[in-house]
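Subject: Structure handover and findings

Hello,

Here is the structure I promised to pass on.

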Amino acid sequence: FFGKERIDYNAFHKAFPYRGEMQLYGDVTPNYIRLQRVAPRIRAYNPAMKLIAILRHPVDRAYSGWNMRYQKGNEKRSFKKAIDEEIKRIQSAGVLQYGSDAYLARGLYAQQIESLLSNFPKEQLLFIQYEEFNTDNVGVLRKVEHFLGLNPHPWKEPHRANVIRYNEALDCETRDRLKVFFQEDIARVEELLDWNCSRWNV
């Protein structure tokens, strides 16, 4: 919604009918973090808004994004050809904010994080490593509850959903090449969030 050219707040509010003072309302839109105009718009709409971002290993994120589009028939190129063309595009025109085939650009998190930090205080931002969420669902959900000021919920054992199988694993040569591509950006993420991203370097 906040990424559109024109914003119709009446249409936005219709998606969130009033359910009482004790209700929290949320919106899940992955594109928000990478569109530079979104954070200032959200701040203007509600400067007290809290935002949660889950960041995945950028190489895994890129391959997963390609795999999903490839299996749906929306991407005809091989992963190698797609990233070759995107790297050339980034080198010549910089990181583009738009495009569903921006497999690498979406994983260049530093600039996206800086945009959020420049618009909101750290207390209103929660960044989560996808790998931590994968291995400790309940622990991460407890962090989210604390962040949102919610009472603890009796979470059940998690189950995996939206699992898309891969026709083949990402080859080691391409993975190593992309690790180098993302290396500098990952180091910046560690500085910005005081994170240990060692799991992203393997």
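First, the ground rules. This is a predicted model, in which local features need pLDDT of at least 70 and side-chain atom pairs count only at pLDDT 80 or more, while totals for chains, interfaces and linings use all residues. Residues are numbered from 1 along each chain as its sequence is written, and side-chain values use heavy atoms, with hydrogens and water left out.

**Helices against H8**

Two packed helices are described by the angle between their axes and the distance between the axes. Helices (H or I, at least four residues) are DSSP runs, numbered from the N terminus. Axes are lines fitted to C-alpha atoms over the stretch in contact, and angles run from 0 to 180 degrees between N-to-C directions.

Start with helix H4 (residues 79-93) and helix H8 (residues 172-193). Their axes come within 12 Å and cross at roughly 20°. That makes H4 roughly parallel to H8. Angles under 35 degrees count as roughly parallel, over 145 as roughly antiparallel, 65 to 115 as roughly perpendicular and the rest as oblique. H4 passes H8 in a left-handed crossing (the near helix is turned anticlockwise from the far one by less than a right angle). On the H4 side, the contact (heavy atoms within 4.5 Å) uses Phe79, Ile83, Asp84, Ile87 and Ile90. On the H8 side, Thr174, Arg177, Leu178 and Phe181 take part. The contact of H4 with H8 holds six nonpolar, one polar and two charged residues. Here Ala, Val, Leu, Ile, Met, Phe, Trp, Tyr, Cys and Pro count as nonpolar, Asp, Glu, Lys and Arg as charged, and the others, Gly among them, as polar.

Next is helix H5 (residues 109-117). H5 and H8 pack at about 25°, with their axes 8 Å apart. H5 and H8 are therefore roughly parallel to each other. Tyr109, Ala110, Ile113, Glu114 and Leu117 of H5 meet Asp185, Arg188, Val189, Leu192 and Leu193 of H8. Seven nonpolar, no polar and three charged residues make up the contact of H5 with H8.

What angle do the axes of H3 and H8 make? They cross at roughly 125° and come within 9 Å. That makes H3 oblique to H8. H3 supplies Pro58, Val59 and Asp60, and H8 supplies Arg175, Leu178, Lys179, Phe182 and Ile186. The contact of H3 with H8 has five nonpolar, no polar and three charged residues.

**Aromatic pairs**

The structure holds 16 aromatic pairs. Ring centres of Phe, Tyr and Trp (its six-membered ring) must lie within 6.5 Å; planes under 30 degrees apart count as stacked, over 60 as edge-to-face and the rest as tilted.

The rings of Phe2 and Tyr32 have centres 5.9 Å apart and planes at 70°, so this pair is edge-to-face. Phe2 lies in the segment before helix H1 (9-14), and Tyr32 in the loop between H1 and helix H2 (38-45), so the pair ties together parts that are 30 residues apart in sequence. Phe2 is buried at 2% relative accessibility. Tyr32 is buried too, at 13%. Buried means under 20% relative accessible area, exposed over 50% and partly exposed in between (1.4 Å probe, protein chains only).

The rings of Tyr63 and Tyr166 have centres 5.4 Å apart and planes at 10°, so that pair is stacked. Tyr63 sits in helix H3 and Tyr166 in the loop between helix H7 (137-148) and H8, 103 residues apart. Tyr63 is buried at 8%, whereas Tyr166 is partly exposed at 35%.

One aromatic cluster is formed by Phe2, Tyr9, Phe12, Phe16, Tyr25, Tyr32 and Tyr45.

**Single residues**

Asn67 lies in helix H3. Asn67 is buried at 3% relative accessibility. Beyond four places in sequence, Asn67 touches Ile164, Arg165, Tyr166 and Asn167.

Arg69 lies in helix H3 (residues 58-71). Arg69 is buried, with a relative accessible area of 15%. Leaving aside neighbours within four places in sequence, Arg69 is in contact with Asn74, Glu75, Ser100, Asp101 and Tyr103. The C-alpha atoms of Arg69 and Asp101 are separated by 8.4 Å.

Most residues other than glycine have a negative phi. Asp194 has a positive phi of about 55°. Asp194 lies in the segment after H8 and is exposed at 71%.

Best wishes

Notes
Helices (H or I, at least four residues) and strands (E, at least two) are DSSP runs, numbered from the N terminus.
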